[in-house]
Amino acid sequence: MRLAGFWALIIGALLLFGLVRLPLEKSLDASQREVHLRTATLDIGLREQIGQLSYAAALSGFRSLVAAVLWIQAHTAWEETAWGRMAGLFQSVTSLQPRSVLYWDLSSWHMAWNAAIAARENPKEPSEFLRLRAEREYHRLGREFLEQGIINNPDSYLLQERLGILLRDKFADHCGAADAFAKAAAMEGAPPYIKRMGAYELSQCQGREREAYDLLRKIYAMGKNEHAPRVIALINELEEKLDIPSGERLAPVPSGRDYPPFHDGEHGHPHSH
Amino acid sequence: MRRIAAIAAVTWTELVRMKVFYFLIIFALLVIGNSFFLAKFSFEEEFQMLKDIALGAMSIFSALLAILATATLLPKDIEDRTIYTILAKPVSRTEYLLGKLAGVFLLLTLAVLLMGAVFGVVLLLRTQALLHLTELEMQGLPAQELQAALGKIRRAGHDPNLLAGGIVILVKAWLLAAMTMFISTFSTSAIFTTISAFAVYFIGHLQATAREYWLASNESALLTKVALGLLALIFPDLQAFNLVDDIVAGTAIPLPILLKTVALGCGYIAVYSALGAAIFHQREL
């Protein structure tokens, strides 16, 4: 009887400690999530993708380790040009490590650039229609990776910049690209060239020429470093188009000079180099 | 205090003689081997995966060490009858238990420090090698471009947040050791202690989900609610210490959150030690 009482006391103490720590754990949990810690959700769909053992390992606190192993598998799939398997592995990796900007970025690049080109030039598919459809499908997949990545990493300028590049180069969506670059440029740590890239795209977005002109003038007014010949040339072009009074116009680019080469990071996808 | 320190020192020697540090060779081989294998990836991928694998391995090895080393301590002393010799001296059972635990904590601290040092050295060497290679490859290019490239490599290689990751891994290992010791005080064999500790380890990782469901759901049956409540109150929330996954992904841990997490771990350790001591006082040896 005494022993039963003692054990009741021990269990009671454990429960009491549980009650005391409950609000503390809840508050710690909320604070951790507020700064984007422990935000990954491991659902049943992921268990089917990665298998029971990997899922158990991920649940037991080894998410990053499982993600690294799956990424190596994806790399092997890349070497074998098994694009479908790669896409599935990328889904798993990004679900396990949603805060890794690198995984989202590379997954998108592999799909929208490598897999899309491979699909377009697939020698086993005689139908051009089907090849182009497959290419578009991979573009869409690449875009989805970036959009999901942005949802999980709203503080990453890099993913917004990559979305801008993707919309510009693969979807010819200049307005969307301009918006993505503008969002990226407004973020902490974003290099100054992103703002210019946004302005270049905006200048090609129909109906937003005035906005593009104002932005380019604003960039120009930022100082000599921003007096790139391409900025000046676009300002001149838009002045013509918008019929800006001659007194308010900017001096044109010296004749014989073409648009300068892009600065590092301003042209295609950086991983394509 | 002196008696606790003496028992801790003996426990430490005992564990070292069990050649537990041999796992460090496996860890070093894993990290060094991976660093060679991962060299075929881009430097960003390489560093990301090196951190993933090294910190993941540190978590696994420290958790295994904490549970397996602690589970054998009391049964071994009872079997060898050394416990009777110790307790026949003016040493209380609480001091004995705390001494044992301190010995394991010492072992875990050194193990995490050594693993961290191996990882740090490999990371440093890879960073230096990549910096040197980049300097050679970019010879003749504008200094600004070279500096930008080198800065990228340095940022990927040197991440001060990894230190916070090491601290969280260590606190979690201490917690697991204290929990295993608590189980050990009423267990009759090392196998039972080990299996129970691993079961608690897995349940502990699901505790947060059970707690959320228990607190949020209004529709569950009474029995389900009671079961979830007991699960949430009795088992530790080990997910709170799983910050390493986010650290390697580049998420910074603010100091107040790190301190709160460490404080929570210390709270668990204190309660498990106190309850373990209370049970050990009642136990017939």
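**Figure 1. In this predicted model, H3(B) and H7(B) are roughly parallel to each other, because their packing angle falls under 35 degrees.** The two helices are H3, residues 43-80, and H7, residues 161-186, both of chain B. Their axes lie 8 Å apart. The packing angle is about 20°. H3(B) passes H7(B) in a right-handed crossing. Sorted by class, the residues of this contact are 15 nonpolar, 6 polar and 1 charged.

**Figure 2. The largest cavity holds about 140 Å³ of space.** The model has 4 cavities of 30 Å³ or more. The lining is made by 15 residues. Nearest the centre of this cavity are Ser59(B), Ile169(B), Lys172(B), Phe241(B) and Asn242(B). H3, H7 and H10 of chain B each supply at least two residues of the lining. H10 spans 244-248. Which helix gives the most to this lining? H7(B) does, with 5 residues. By class, the lining residues are 9 nonpolar, 4 polar and 2 charged.

**Figure 3. The second largest cavity holds about 60 Å³ of space.** Three helices of chain B each supply at least two residues of its lining: H5 (93-137), H7 and H11 (255-282). Thr94(B), Leu97(B), Leu98(B) and Leu101(B) are among the lining residues.

**Figure 4. H4(A) and H5(A) are roughly antiparallel to each other, because their crossing angle is over 145 degrees.** H4 covers residues 63-79 of chain A. Its axis crosses that of H5(A) at roughly 165°. The two axes come within 9 Å. The crossing is left-handed. On the H4(A) side, the contact includes Arg63(A), Val66(A), Ala67(A), Leu70(A) and Trp71(A). Gln73(A), Ala74(A), Ala77(A) and Trp78(A) of H4(A) also take part. They meet a set of H5(A) residues that includes Trp83(A), Arg85(A), Met86(A) and Leu89(A). Phe90(A), Ser92(A), Val93(A) and Leu96(A) belong to that H5(A) set too. The contact of H4(A) with H5(A) has 13 nonpolar, 2 polar and 2 charged residues.

**Figure 5. H5(A) and H7(A) pack at an angle of about 10°.** This makes H5(A) roughly parallel to H7(A). From H5(A), the contact takes Trp83(A), Gly84(A), Ala87(A), Phe90(A), Gln91(A) and Thr94(A). From H7(A) come Tyr138(A), Leu141(A) and Phe145(A). By class, the contact has 6 nonpolar, 3 polar and no charged residues. H5 is formed by residues 83-96 and H7 by residues 128-152 of chain A. The axes of the pair are 12 Å apart. Trp83(A) and Phe90(A) take part in this contact, and both also belong to the contact of H5(A) with H4(A).

**Figure 6. Chain B comes to 11 helices and 0 strands.** From the N terminus on, its elements run α-α-α-α-α-α-α-α-α-α-α. Along the principal axes, the C-alpha atoms of chain B fill a box of roughly 80 × 55 × 30 Å. H7(B) links several of the views above: it packs with H3(B), and it supplies residues to the lining of the largest cavity and of the second largest cavity.

How values were computed: Residues numbered from 1 in each chain as written. Chains lettered and ligands numbered in written order. Predicted model: local features only at pLDDT ≥ 70, side-chain atom pairs only at ≥ 80, totals over all residues. Heavy atoms only, no water. Axes fitted to C-alpha atoms, helices over the stretch in contact; angles between N-to-C directions. Helix = DSSP H or I, 4+ residues; strand = E, 2+ residues; numbered from the N terminus. Parallel < 35°, antiparallel > 145°, perpendicular 65-115°, else oblique. Left-handed = near helix turned anticlockwise from the far one by under 90°. Nonpolar A, V, L, I, M, F, W, Y, C, P; charged D, E, K, R; others polar. 1 Å grid on protein atoms, 1.4 Å probe; cavity = no way out; pocket = protein on both sides within 12 Å on 5 of 7 lines; lining within 4 Å. Points joined across faces, edges and corners; volume = space filled by probe spheres on them. Contact = heavy atoms within 4.5 Å.
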